[in-house]
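Please look over the model below before reading my notes. The points follow the order in which I worked through the chain.

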Amino acid sequence: MERPTRQEIHQLHAEICAGLADPTRILILYELADGPQTGTALARALGLPQSTVARHLRVLASKGLVIPTRRGGMVEYALADHRVIQALDLMRAVLMDRIHLYQRMAG
């Protein structure tokens, strides 16, 4: 197997970031951090219409962030890689630091 080029890595990076570029998708990923769930369970937990959650799950799956698995008549979704949660947590820490900086500058 060939080693990916820098351009391919940059493209994959951009695709993953595009998958993360919606607050609802981030909430779904955090819900899945505790373990696999169905779209129905996610919709219930987030208080969102099932059609909305299904649309976001399709995006997350297309970007390789979640893995759908058919279980009988239902589809269960799981994180493809738990390090995505670590990356999200790191980004939240950066954002909190920025918010605190802005508050100090304003106050």
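1. Valine 94 sits in helix H5. Helices (H or I, at least four residues) and strands (E, at least two) are DSSP runs, numbered from the N terminus. This is a predicted model: local features need pLDDT of at least 70 and side-chain atom pairs count only at pLDDT 80 or more, while totals for chains, interfaces and linings use all residues. Residues are numbered from 1 along each chain as its sequence is written, and side-chain values use heavy atoms, with hydrogens and water left out.

2. Buried means under 20% relative accessible area, exposed over 50%, and partly exposed in between (1.4 Å probe, protein chains only).

3. The largest nonpolar core has 17 residues. Such a core is a set of buried Ala, Val, Leu, Ile, Met, Phe, Trp, Tyr and Cys residues joined through side-chain atoms within 4.5 Å. Ile28, Leu29, Leu32 and Leu88 have the most contacts inside it. H2 (23-32), H3 (39-46), H4 (50-62), S3 (74-79) and H5 (83-106) each supply at least two residues of this core. H2 gives the most, with four.

4. Three strands form an open sheet in the order S1-S3-S2, with antiparallel pairing. S1 (37-38) and S2 (66-71) are at the edges with a single partner strand each, so one side of each lacks a neighbour in the sheet. Strands pair if DSSP finds at least two bridges between them. S1 and S3 have two bridges; S2 and S3 have six.

5. Glutamine 37 stands opposite tyrosine 77 in S3. Threonine 69 stands opposite glutamate 76 in S3.
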